[in-house]
Amino acid sequence: MDISNRILDKYNEIFNNLPSWGEGNLKFGDRLVRISSIATQYYCEQKLELQHHYPLPPTKIMQDGEEAHENVAVLAKPIARDENVRIAVEKREKPICIYEFDVAFVHKGVPIIGKVDEAWFRGGDIELVVERKFSDKLSVYSPYHIQAQLYCLGLGRMGFNTARTSYKIMIFKRGCLDCPELSQRSCAILALGTSYFRCIIGEARAFTYPFSQVGILRELDWAVDFWLGKREAIPTKNGAKCQACEYKSLCSLSLAK
Ligand code: SF4
């Protein structure tokens with residue numbers, strides 16, 4: 001069996017064996033965990049818990065972020081998963097970028113899924129994973145690292161080679177949200193090797209890190225224990241997060257003054 005079929009079999013094994021909706025044996029009756037939810041655990045698990053019990057409509061910031069992601073990926077043609085995998089493993093001289101690449105793997109019996117903003121492949125090697133964020137501050141926070149590293153880990157579990165994988169976290173100021181240079185991929189920050197760019201509309205930074213499995217596996221073990229019901233939600237100890245949290249008025253553990 002060739003590598004692309006082996007990878008596709010792994011996807012199918014996960015999705016064909018999921019329990020029905022609402023009948024999962026994970027926290028909240030869930031049947032799988034999204035990588036973005038694990039990233040939220042690193043913001044505050046109490047928030048994740050409240051999001052489940054008291055879902056709120058998406059905030060303006062969330063909606064803008066979602067639209068901006070679509071704006072950047074607009075040039076990507078929708079491609080079937082098996083075609084994406086075939087392209088990813090094909091031998092080639094230069095790496096190829098695939099947008100919104102599906103990731104699915106199982107850790108300690110917990111199915112974990114996500115979509116990578118950008119993944120750069122060459123002959124089955126994953127060279128670069130890119131995670132884009134839109135924020136008022138051009139700083140990298142721990143949930144960004146967790147999310148990007150889980151994509152790398154997941155791609156490795158699916159059968160891609162991560163021996164020389166790096167991950168890049170790109171942070172754009174909110175002024176960049178509607179910029180046509182993003183959808184046309186002509187903004188200078190999108191060029192490989194560029195780490196800072198500023199124009200009259202916005203500003204962006206890109207940070208690149210080598211990927212290593214060791215630390216992220218430890219983090220994933222911790223995160224998965226929550227979904228397996230082995231511990232209660234742990235609230236943040238950072239009052240600034242509570243101050244910015246949309247659940248601060250509902251939360252009995254809030255540190256917001
Ligand atoms: S208010 Fe603070 S402790 Fe409560 S959910 Fe929000 S971030 Fe967590």
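Residues are numbered from 1 along each chain as its sequence is written. In this predicted model, local features need pLDDT of at least 70, side-chain atom pairs count only at pLDDT 80 or more, and totals for chains, interfaces and linings use all residues.

Trainee: What is the phi of E100, and is E100 buried or exposed, or in between?

Mentor: Most residues other than glycine have a negative phi. E100 lies in strand β2 (residues 96-107); strands are DSSP E runs of at least two residues, helices are H or I runs of at least four, and both are numbered from the N terminus. Burial counts other C-beta atoms, placed from the backbone, within 10 Å of a residue's own: 20 or more is buried, 12 or fewer exposed, and in between partly exposed. E100 has 16, so it is partly exposed, and its phi is positive, near 55 degrees.

Trainee: Where is K108, and what is its phi?

Mentor: K108 sits in the loop between β2 and β3 (110-122). It has 11 C-beta neighbours inside 10 Å, so it counts as exposed. K108 is not a glycine, yet its phi is positive, near 50 degrees.

Trainee: Which residue of β7 is the bridge partner of K168?

Mentor: Two strands pair if DSSP finds at least two bridges between them. Strands β5 (residues 166-173) and β7 (residues 203-210) have 7 bridges and pair in the antiparallel sense. The β7 partner of K168 is T208.

Trainee: Which residue of β7 is the bridge partner of F197?

Mentor: Strand β6 (residues 196-198) runs antiparallel to β7, with 3 bridges. A hairpin through 4 residues joins β6 to β7. The β7 partner of F197 is A204.

Trainee: How far apart are the end C-alpha atoms of helix α8?

Mentor: Helix α8 (residues 213-227) has 15 residues. The expected span is 1.5 Å times one less than the number of residues. For α8 that gives 21 Å, which agrees with its end C-alpha atoms, 21 Å apart.

Trainee: Within what arc do the buried residues of α8 fall?

Mentor: The buried residues of α8 are L220, A223, F226 and W227. The arc is taken from the directions from the helix axis to the C-beta atoms. The buried residues line one face of α8, because they fall within an arc of 100 degrees.

Trainee: Which exposed residues does the face of α8 turned away from its buried side carry?

Mentor: The buried residues of α8 are covered by elements including α3 (45-53), β2 and α6 (142-158). The face turned away from that buried side carries V214, R218 and D221.

Definitions and conventions:
Two residues are in contact if their C-beta atoms, placed from the backbone, lie within 7 Å.
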